[in-house]
Amino acid sequence: MTTLLQQIANGLVLGATIGLIALGYTMVYGIIQLINFAHGEVFMVGAFGGLAVYRWVLPESVRGDWYISLPAMLVGGVVVAVVIAVLMERFAYRPLRNAPRLAPLITALGVSVALQEAIRLWFPNADAAQPFPRVFIDAQVRLGDVSIPASGLLLIVVSVILAVLLQTYISRSRMGRAMRATSQDRDTARLMGVNPDRVIVLTFVLGATLAGIAGVLYGSFITNVDNSIGFQNGIFAFTAAVLGGIGSLRGAVIGAFIIGLIKSLGGQYMPGGTQYDYVWIFVVLILVLVFRPQGLFGEAERVRA
Amino acid sequence: MSAAQHRAADTVLEASGVTMIFGGLTALNDVSIRLEEGRIVGLIGPNGAGKTTLFNCLTGLYTPTRGSVRLRGKSLPSDPAKVTSAGIARTFQNIRLFPNMTVLENVLVGRHIRMKQGPIASVFHGPVFRKGEAAARAKSRELLEFVGLRGVETEVARNLPYGDQRRLEIARALATEPEVLLLDEPTAGMNPQETEAARQLIFRIRDTGVSVVVIEHDTKFIFSLCDTVSVLVQGEVLVEGSPETVRDDPRVIEAYLGKPREEVEADVAEAAAQQQREDS
């Protein structure tokens, strides 16, 4: 029983991480129907951005105070992630806005590889895994028999709060409505005075903000990072977004928690152990896509006049 | 002419010499129309005459190959979003609401350019944000009331009956606070009662100071609504003038209906008489 609860806790931490990434996937898809395969890399550079702040910006004297170092690293991670995402949109995707859908998709894969290699080449020593400081309170939180590292609990809490804030922003603000209008009919939105370029940039900025925060919190939870963390978690996040119904925010978050739980529970209880945990994730994905191709919360076939 | 009518003679929107060529097709050829403040101008013409193309030129969706469109004497910006800010709003021949948003939200999107909201406030909903949002909602409800949509604001737009969707489109367009409203076939598919309601609605819109251009196939509707009517045939303005002039113009009747029967009979009789004279 303890093992089960412990694995559920682990699954929720993983789900929280990929949920924050999956929101970026699903938002960008909702607006420009692009699977931005480089979004996992935005998460990765966010983690390295946070690490850079810790190493080169924070003076030694405050590194131990999490309430100073963590916010500083989060800001660093978010800034780096947002800058990369905005550049990516401006120079890689915008010129291809009216190209066949395959072109930006391939470009996204290219951007993904380029970012991984850029970190490997230019971030000092990043050709091997880098230790990431456990900035947040280094303690285990005990809930009954289950213990979760405080940094894991922080990930879950922050992830849920951010998802809720994003949901309110999109459903109840001027730009949020503009985003939804653009995703439903870009030309008509334009004729109502909405500037689609601005909406698209905003979408990338929001996605990158969440990914940057996730990168830093994930780094401090896992305590070492390398340039492939974006790829692994990006694939999980993409799968979560598809599972939940791509384009749906709620779907992305719920899909992410489902995938986190499948990975931790599958690794524990299914034959083959953790070596096969990926298999169960994709088995579930395939089953969902066979019986409900639009995903759990996706719209069935968008109809357009 | 009364003083009021004199004042109304300011030109709001003027298209001059608009030519629109797509590849080898000339969709519009040297089209000029003028809209005076507080007036209703009708655009009629057979299918494919270029009416909707002209609307697209008037809203910045197309940039004319030649010619210019001026709003209050200023050239139209080439970006449709900026044209809307400048004061032109439109509806569509095939209704183009945001189908999965609620009725109220559709109108609120129309308020987009008339609202200000900071990015931080939009996430955390401070007092200023709430006030602005409440004002936009109040204004949107007022417009829904104005076009005659009551008690449906939380309904998803695609579930509305057809006639209500058309009215919602008008409310959304009005939410942008336009000087000029372009209506593309506002009564298509409506029954006579709904058409009459639409006519009254357009008069009420005009009375609020908005100038209106209407595309319509229903000539009876157009002639009873508009101050002036332009007839577009094969991309050119065939006739323009008051409804009476246009209605009685034989070229219009011919273009629209083919020749009327009496005229054809007269033509036949005349040809026969001519034949007889030549024979004798």
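Select helices H6 and H9 of chain A, which are roughly antiparallel to each other because the angle between them is over 145 degrees; helices here are DSSP runs of H or I with at least four residues, strands are runs of E with at least two, and both are numbered from the N terminus. The axes of H6(A) and H9(A), residues 196-222, come within 9 Å and cross at roughly 170°. Axes are lines fitted to C-alpha atoms, for helices over the stretch in contact, and angles run from 0 to 180 degrees between N-to-C directions. This is a predicted model, in which local features need pLDDT of at least 70, side-chain atom pairs count only at pLDDT 80 or more, and totals for chains, interfaces and linings use all residues. Residues are numbered from 1 along each chain as its sequence is written, while chains are lettered from A and ligands numbered from 1 in the order in which they are written.

On H6(A) they include Leu155(A), Val158(A) and Leu162(A), and on H9(A) they include Leu210(A), Ile213(A) and Leu217(A); contact requires C-beta atoms, placed from the backbone, within 7 Å. The residues of this contact divide into eleven nonpolar, three polar and no charged. In this division Ala, Val, Leu, Ile, Met, Phe, Trp, Tyr, Cys and Pro count as nonpolar, Asp, Glu, Lys and Arg as charged, and the others, Gly among them, as polar.

Next, colour the two chains separately. In chain A, 20 residues are in contact with 25 residues of chain B. On the chain A side, H6 (150-172), H7 (174-184) and H8 (186-191) each give two or more residues. H7(A) gives the most, with seven residues. By class, this side of chain A has ten nonpolar, five polar and five charged residues.

Then select Ala81(A). Its contacts include Val42(A), Val45(A), Ala208(A) and Ala211(A), not counting residues up to four places away in sequence.

Move to chain B and select strands S1 (residues 11-22) and S2 (residues 25-36), which pair in the antiparallel sense over eight bridges; pairing requires at least two bridges found by DSSP. Val18(B) stands opposite Val31(B) in S2(B). The two strands form a hairpin with two residues between them, and Gly23(B) in the turn has a positive phi of about 55°. S1(B) is also joined by five bridges to S4(B), residues 66-71, and these strands run antiparallel. Ser16(B) has Ser68(B) as its bridge partner in S4(B).

Within S2(B), select Asp30(B). Phi of Asp30(B) is near 55°, a positive value in a residue other than glycine.

Finally, select the open sheet of six strands in chain B, with order S6-S7-S8-S3-S9-S10 and mixed pairing. S6 (88-90) and S10 (236-241) stand at the edges with a single partner strand each, so one side of each is left without a neighbour in the sheet. Inside the sheet, S3 (residues 40-44) and S8 (residues 211-215) of chain B run parallel and are joined by four bridges. Ile40(B) has Val212(B) as its bridge partner in S8(B). Helix H8(B), residues 192-207, packs on the sheet and touches S3, S7 and S8 of chain B.

Notes
Contact = placed C-beta atoms within 7 Å. Parallel < 35°, antiparallel > 145°, perpendicular 65-115°, else oblique.
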